Amino acid sequence: MSKAQSLIEQFYLEEQERIAQESTFTPIDVSVSSADMAMINTISKRFNKDKNQLVREALSQAIVDMFSALEPVERKMLAKDADELANSIAAEIAEEQGLSALEVTGINWVAQDKQCIKDERKAEKEQQKQQEMLAQQILAEQQDAMSEQEDESTAEEATMDTEAQDSASDEQMAETSPFGEESSSEEEPAQSNNSIFA
């Protein structure tokens, strides 16, 4: 089989999948604002997409976001109800089309609920990790600040000690200076006692 023939087979498969999917779609009559309709038209033209497909995908994503925002307990109950209703709708469509069964396409809400729980736990862990990192950063900054204060205190004490030593050294030099009055008066009697003429 040539590549062109396999390509045609792929087109047939894609068509069958599309028809099977579309057979499970339920029509809904929705009125939107002129501003929303203008944006739908603009986006569909920009990306060369069918307006109905664009609205369907946007609505599907919006429903997932709304579902994710529900309280966990309520979300679990509604997911079960929605899946049961989806199976019921698919059975009705299959009966109308004379089919034995029809596979439900789209989101499995129970599975989506489980995914939401995983995402929430992951987000909680990430938030806890960020809080721990922030606490460690604050603690490190506090320790750095305390260390700086200690260094400043030590430097001040060292400066005061140096000044005190310099002052004491100046006093000692003044006392032992040969030009000071006290030292010269002490040396004169010593010389007179040791004089050879005494």
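Predicted model: local features only at pLDDT ≥ 70, side-chain atom pairs only at ≥ 80, totals over all residues.

Modeller: After H2 comes Asn48, whose phi is positive, near 55°.

From there I turn to the charged side chains, for which the salt-bridge rule gives a count of three. One of them pairs Glu57 with Lys49, whose closest N and O atoms are 3.0 Å apart. Since partly exposed covers what lies between the buried limit of 20% and the exposed limit of 50%, Glu57 is partly exposed because its relative accessible area is 39%, and Lys49, at 32%, also counts as partly exposed.

Another salt bridge joins the side chains of Asp113 and Arg75, at 2.7 Å from N to O. This pair links distant parts of the chain, with Asp113 in helix H5 and Arg75 in helix H4 (residues 72–96), 38 residues apart. Helix H5 itself runs over residues 109–176. Both Asp113 and Arg75 are buried: Asp113 counts as such because its relative accessibility is 5%, while for Arg75 the relative accessible area is 0%. The side chains of Asp113 and Arg75 also make a polar contact, again at 2.7 Å. Once the neighbours within four places in sequence are left aside, the residues in contact with Asp113 are Phe67, Pro72, Arg75, Lys76 and Ala79.

Arg75 has a further partner, for it forms a salt bridge with Glu120 in which the closest N and O atoms are 2.7 Å apart. Because Arg75 lies in helix H4 and Glu120 in helix H5, this pair ties together parts that are 45 residues apart in sequence. Glu120, with a relative accessibility of 30%, counts as partly exposed. Through salt bridges that share partners, Arg75, Asp113 and Glu120 are joined into one network.

Technical notes:
Residues numbered from 1 in each chain as written. Heavy atoms only, no water. Helix = DSSP H or I, 4+ residues; strand = E, 2+ residues; numbered from the N terminus. Buried < 20%, exposed > 50% of the residue type's maximum accessible area, 1.4 Å probe, protein only. Polar contact = N/O pair within 3.5 Å; in protein donor to acceptor, adjacent residues only side chain to side chain. Contact = heavy atoms within 4.5 Å. Salt bridge = Lys/Arg side-chain N within 4 Å of Asp/Glu carboxyl O.
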